[in-house]
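Work through the exercises below with the sequence and the model side by side. Each task is followed by a solution in steps.

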Amino acid sequence: MLLSCASAPKISEKFINQPQHQKELAQLLSWTIQGRIAIKTPEERFSATLHWQQDKQNYKIRLTNIIGTTLLELEGDKHYAKLVFDGN
């Protein structure tokens, strides 16, 4: 049996200057996100690892299963998008 436990991060009491924060976010040109996503419907449950790389207008999003097999890959820029699903 495999068990895991995590606690929620403490919420900061710091207030954000929203216009300044939006200005700073707009200056970000490249970033990466890695995490887990889960989708639950009455019919099924699905979870995957999300890898998202953004470099200016170029992006690559990949979903992998628990053993690292790519389930979906989406890449593109402002002119095109390419979706590979189930290896096709």
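What percentage of the 88 residues of the chain count as buried?

Solution. The model is predicted, so local features need pLDDT of at least 70 and side-chain atom pairs count only at pLDDT 80 or more, whereas totals for chains, interfaces and linings use all residues. Residues are numbered from 1 along each chain as its sequence is written, and side-chain values use heavy atoms, with hydrogens and water left out. Buried means under 20% relative accessible area, exposed over 50%, and partly exposed in between, with a 1.4 Å probe and protein chains only. By this cut-off, 12% of the 88 residues are buried.

**Exercise 1.** List the elements of the chain and give the order of the strands in the sheet.

Solution. Helices (H or I, at least four residues) and strands (E, at least two) are DSSP runs, numbered from the N terminus.
- Step 1: the chain has 1 helix and 5 strands, running α-β-β-β-β-β from the N terminus.
- Step 2: the 5 strands make an open antiparallel sheet in the order 1-2-3-4-5; two strands pair if DSSP finds at least two bridges between them.
- Step 3: strand 1 (30-40) and strand 5 (81-85) have a single partner strand each, so one side of each lacks a neighbour in the sheet.
- Step 4: strand 1 and strand 2 are joined by 11 bridges in the antiparallel sense, and Ala38 is opposite Ser47 of strand 2.

**Exercise 2.** Is Thr49 buried or exposed, and which side chain does the side chain of Thr49 join in a polar contact?

Solution. 
- Step 1: Thr49 belongs to strand 2 and counts as buried because its relative accessibility is 18%.
- Step 2: its contacts beyond four places in sequence are Gly35, Arg36, Arg62, Leu63 and Thr64.
- Step 3: the side chains of Thr49 and Arg36 form a polar contact of 3.0 Å. A polar contact is a pair of N or O atoms within 3.5 Å; within protein, one must be able to donate a hydrogen and the other to accept it, and residues adjacent in sequence count only if both atoms are side-chain atoms.

Conventions
Contact means heavy atoms within 4.5 Å.
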